[in-house]
Each structure stands twice: as C-alpha cells, then as structure tokens.
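Subject: Structure handover

Hello,

Here is the structure I said I would pass on. My notes on it follow below the files.

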Amino acid sequence: MKVQQLVPRAEEVELDDILAGLRDISGGTLSPLAPEILEFCANFSRALFKDAEAKKFPELQALAFWMRKSELERLRQEFDRLKTKNTLPVPRGLVFHVPPANVDTIFMYSWIMSVLVGNRNILRISPRAAQQTTIICKVFNECLEAAGDVMRRNTVMIRYGHEQEITAAISAVADVRVIWGGDASVNNIRAVRIPPHCKELAFPDRYSLSVARTARYLALDEAKRKEVAAQFYNDTYWFDQMACSSPRLLIWCGEREESSKASAMFLQDLHEEVQRRGYTLDASGSMNKFTFLSRAILDQPVASTRRVDNQLTVAQLENIRHLDRDHCGGGFLFQYYAEGIDVLGQVVARKDQTLTYFGFEPAEMAALAKLLNGRGIDRIVPMGKALTFNRYWDGYDLMAEMIRHVYVE
Amino acid sequence: MKFDDLLKLPQYSLPYAEKERILLDGLNELDEHHRRNCPEYNRLVSVLWPDYRKAETLADLPYLAVGLFKSHRLCSIPKENIFKTLTSSGTTGQAVSQIFLDVETAQRQSAALSRIMTHTLGPNRLPMILVESSALLKDRARFSARAAGVLGMMTFGRDHFYALDEKMELDEKGLQAFLEKVNGKPFFMFGFTFMIWQYLYQRIADRSVDLSQGIMVHGGGWKKLQELAVSNDEFKRKLREKTGLSRIYNFYGLVEQVGSIYVEGENGYLFAPNYADVIVRDPLTWEPAPMGTPGVLQVLSLLPLSYPGHSVLTEDLGIIHGIDDAAGGRFGKYFSVLGRIPKAELRGCSDVHASQVSG
C-alpha cells in the first residue's frame, strides 16, 4: 500500500517499507534525552524562528519558543527526577500519533514528548491540515539533513484520510498510540485493534472555563485591565475558541452589583482588543453563532445576552448547575455571577479541562483542586496561559506516559 | 389592507413604499400573535431584543434563525389544531425542519401560491409535465417538502404527465405522446432544478425534442449544479439551444415559508410577491446591507399563522439589485440568490464540531 510521506522526505512510499524501517533497530536506538535529540530539537527551534513563512504564524513562533534550548535543558532535569535508586526510565518503543486536523501544532507537542524520551515515531497528518503543517514539515526535513543517522530514521510523518487499513497496519506494530481530535476521532480509532501490550492515550472533547475575582479586578488600573483583556483574548480567540483549553464560560466571583460593573469594563476592553487584533468571523461562523445563541436561549437559563459586536457575544446565565457544555466557538462567552469560587463545586464535571483564573492565589487554586478531588479540571493556570502547552496535559504526565520503568535490584 | 384584499391585487403591482406600509402592519400583528401563542418565540424575542415593542420599519422586526425549525418544535396553535406537518427533505441522519400547519395557514399558502403562479402561467390551467417520479406521491405518510411542493404545483396544471419512472429514467415514449397530444399549444413544466438538468436535459440534449411551447418553473436550489459548474444562465441557454424552451423561471422558497415563493421575472431576477419581502443582512453586523451588497437573506411573509415563520433569517446568501425600477414594470424588490453560506472550517482540537449548524 502506497502512502504519501511528508517526513523525512516528501514522496510516495510503500507503507510496509516505512513500518519495516521503524522496526529495524539494528542501527541503534536513542536513549532518553540523548544529546542528538536535544540538538535536533534546538536546531529545529532556531530554524523555525528564522523561517520567513513561519514568522507569519504566532502558533509556530510559540512552538519554536517552547522548543528552545533552555526549555529542553529544563525538561532534561525534570526527566532526571523520574529516576529512582532502583528504577531506570527507558523508551516504550514505537509511538503512533493521531493528531487533530485543526490545531496545526499539537502534533509537534505530541511528538516532542515522545521523542525526548527516545521513542521512535510515526504520525498521521490529516489531508485537511493547513499551511502551518506544511511549513513545519519543510523546516523539519531541512533540519534532518544535518542530523545523525539514528535521528534521521526516528520519525516518519505520513498524510492520509480515514483509511482504516493504514491505521490498522500502523496500530498493529505500535507500542503506544496517542489519539487527539475529540470524541468522534477517539471512538473511530479506538475501534482499530492495538497489540495487547500497547498503551493508548486518548484526548476526547473537553470544556474549559475561567474565574475572576471581582474585587481584585476592580482594583486594577486601566493599563492592568487592558493586560487582562489581552491575555483573555489570547486564551480565547487564537484557535477560534475551539481549542479544548480555551475558556467558554467566565465566572465572576464577588458581590453581584460589583461583578456586573467589572464585567461591563472587562467586555469593553475585550471588545477593543478584538478590534485591535482584527479578529473577524466569516458569514458561516456568524450564522452558526446566531443559531447557537438562539438555541442556548431556548434550552438554557440565559437571562440576557449582549452582542457587543459580532466578534463577541455574551450570554448571561442565571444558574450553572446543569451547564450544557455544547459550544459554537468564534467568540461566544457564557457569563455567570457567583458569590465565591465554591460555586465550582456544583458545576465541575469530568469533561472540564482547563480553569484559568484571575485575582486568586495559587494556594486557593490548589485548595480548590483538592476539594474537587478528581471530579474534573486537569489544569489550573493564570489567565493568559490557557494554550501554553506543558508536559502535564489532560491529566496525563506526558513525559512519564512515554516511558517504561525498569526495576533493578 | 387585509390579507384577503392583498390577494386580490395583481402581483408585483404595489409600489414599494405602499407595500412596506401594508407589510409592516401585517407583520407587526403577526409578531404579536406569535409572541402571545408561541412561548419559544416570545422567549427569543424578549431575550434577543429586550427593548423591542413594535417595528417602525421592516428591518426592525425580530427574526428567527432558520436552523431553529430543525432543533425545536415551534408552534403557535394547540396540538389538536395541527392539520399537517411539513418536513424538509434532509439527507439521512440530518435534522429536518418541522413546520406545523393549521387549516387556515394551509389555505393562505395555497391561495398565495395560486396568485403568484397565475401571474407567470396565465389564468388557464395548462397540460403539465412533472419532471418527477410518480412514485414520489405514493407514500403519503411521509410528507416531504418535495412532495408538498409537487402537490401544490399540480393544481396549476391538468392532464399531468410524470416524466420519470421509479428509477428516475426518462419516459421518452410518454413524453413524445404528451407532446403530440398538446399539439403545439402551450404547456406547463415543473420540477426541481437539479432533476431537470440531470434526468431530463442530459437525456434529451442530443435528441431533437421540441419544448418551445413549454413554460418551465423550477426551484430547489443550485447546490448540486454549482458542483457541476452550471449557472442559471448556462441552464437557460442550454435548454433553449437544445429544446427551444425559452420561458424558464427559477424560483426561490423555503419549506419554512411554503406558499411565499420568489419567482424569476423576465429580467432574470427574483421578485418578492405582494405578501412577502426580503432583506439582505451583513453577516458581520446583522445590519441591513446596502443595495447591491451581498449578505444573508432574511425572508418576510404574511402567510404563517400557525408557526412563527413570518420573519426568518435563512442560511442563503443573496443580493438585492433594485426596488420598483425593474424592466417589465414590476414593482417591489428584485434580487438574486447566491447559494448557501459556504461552510468554513473553524479551527480547534476536536475534528467534529457538535454544535455546528447542520444542513
């Protein structure tokens, strides 16, 4: 079966040959955090920073920043802490990554976590993938030319649609399978068998929300308020509010009148930020949003709505006990006024992933996490960091998930 | 002026300023009626337009997103008064619109349609070719919008001939017999745009079939023909070239507003009938777009009493070309439909967006 290979070279290749190549370890394998891995990643980061096309995409700049040398060094130190007196972390083997079609950098984060600890990798790239993916593959291949033999044979990226036989052939030789792309993708791919020893990481549909402490917000000066709006903008609009960690509900904690005042100021600033950044929705997104808003009014306790403009729609909820987590994206915010953060105890569910906060102390957030005791919420980060990837994602420690511990006594 | 008086007026005879006044009164009444009788409509208006009392212009009227008829039961009459339920012909697995009719609304629809059609067809019922399969009407239990459309149109013709068999094959012998029987006199042809192209035109393009005495009315949308890169102009040109058919009228209508259809005039644009109007809205602001600027079509109709469909924001793009100044002397707005809003792909972690509008 021929497939379209993108990395290490753009060409049509026989799938069996690719898989045979990945399984052939006679040329040696990479040990976790081996110098050639770190060197390749650092080179890739530099090349991506410098690439003229990549400069146009903030998410590619964020990726390059994330893979910079100092960050890799920090990860190396973290990795060392996974060792114990009697255990030695080793790679799991061949990792099959199935990233989503629409967030064009996730596949690289998925890959880094795996390659850093020495795994070999095969990635499925969707035919719907955008220009950002093409740029990444181009830069990746250029960097591979300077890399050593083992590194060059470590990673293959292929492009295909939903052909089950390709997924099945790769799955049959995988030691780890990583499925991104939401509930539908997870269910589809999960129907394809993996070897008994193979482990699977799945990233289903998630929901994210944000809390702000009203009193602290009102105490800010104008410049600081604008900063908050800019951070909230980044969290929300970067991927059309469809990234799983982008907030869709904003809860103000404080006295109701005060919260209403804070909200008005905040929405004004956010609106200005949206305009300043030139975010626009097309007709389809706009129509979708209007229909979603109408349905929300009919099906949920929406007390009022504010269509600040088409790029920012706000629906004020009267209660959030039975929060419907369906969402249309594109700048649609549910808002709720609560007395305090305790309200989250009534709301949080398994599906909830990221809680961004403003005006609370990390210790208060830790106490909240303890109170929730695993019912939901996998990340609690300050506003502005909703999309910042790290090794802890969706409740997994990705670095730890990608290794095996050999016990030696 | 009441609806009944409006029916008696010749189509397209009202100067826009006068028509606007009549429609405004009627639609304000309908809005009140539906707010009183349809709790969902009332809730939507009171939340989306909290300060709204009454419209001063047609553009002030509240409007419903057409997709709501797919997800919600929107009805302004008690259950026992439902006389007929129309459903849109969605493909399997897709949500379909549900439209609830009482006797009065159904009567208004057919009366309105009749006035519109006689304007195009003349007062006499003509022999009629249906570019349809006779099997379509056999299953009366599942009353699709397509079947309803065909049934509605049948009343404007006589001696009906179904041009297609159950396998959508053209009945060529039957067609010849029909043409011999009408013997050079005018006849009426009706069908869905795509079916006419695929199952009639494609079959007879290389034969010499004379349809020059026909008056063709067709609708149902251009989506499939756009995929084949066949425009309205091309559709007309080809049919005329190969069959001599020159009187071809496209129409635009929604199952959410049956009866209120917009038929092409001689200048190739769609015209709003006496009891209906269109507004084009800028999807970036939802404000009315200036004339000549494309946007999302909102359709207004005086017909719907039993369901709140008197002001519907469609998912179609259109453009208004003029008011009261069409060649041929028709009054009112004339416009064209540019097709469905192209579906954009939002970005995001999930490959399938559950809440994206279907259809």
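The largest nonpolar core has 208 residues, and the members that touch the most others are A:Ile112, A:Ile251, B:Val131, B:Phe188 and B:Leu270. A nonpolar core here is a set of buried Ala, Val, Leu, Ile, Met, Phe, Trp, Tyr and Cys residues joined through C-beta atoms within 7 Å. A residue is buried if 20 or more other C-beta atoms lie within 10 Å of its own, exposed if 12 or fewer, and partly exposed in between, with C-beta atoms placed from the backbone. Helix α5 of chain A (residues 106–116) gives the most to this core, nine residues. Domain 1 (2–205) and domain 2 (207–382) of chain A both give residues to the core, so it lies between them.

On conventions: this is a predicted model, in which local features need pLDDT of at least 70 and side-chain atom pairs count only at pLDDT 80 or more, while totals for chains, interfaces and linings use all residues. Residues are numbered from 1 along each chain as its sequence is written, and chains are lettered from A and ligands numbered from 1 in the order in which they are written.

The domain bounds come from an automatic or database domain assignment. Taken over C-alpha atoms, the centres of domain 1 and domain 2 of chain A are 33 Å apart.

A:Ile251 touches A:Leu209, A:Val211, A:Tyr336, A:Ala338 and A:Val343, leaving out residues up to four places away in sequence. Contact means that C-beta atoms, placed from the backbone, lie within 7 Å.

Chain A also has an open sheet of seven strands with mixed pairing, in the order β11-β12-β13-β10-β9-β14-β15. β11 (302–309) and β15 (379–382) of chain A stand at the edges with a single partner strand each, so one side of each has no neighbour in the sheet. Within chain A, strands β10 (residues 249–253) and β13 (residues 332–338) pair in the parallel sense over five bridges. Strands count as paired if DSSP finds at least two bridges between them. Helices (H or I, at least four residues) and strands (E, at least two) are DSSP runs, numbered from the N terminus. A:Trp252 stands opposite A:Tyr337 in β13(A).

Between the chains, 39 residues of chain A are in contact with 34 residues of chain B. On the chain A side, the largest share, 13 residues, comes from α13(A).

Regards

Note on methods
Contact = placed C-beta atoms within 7 Å.
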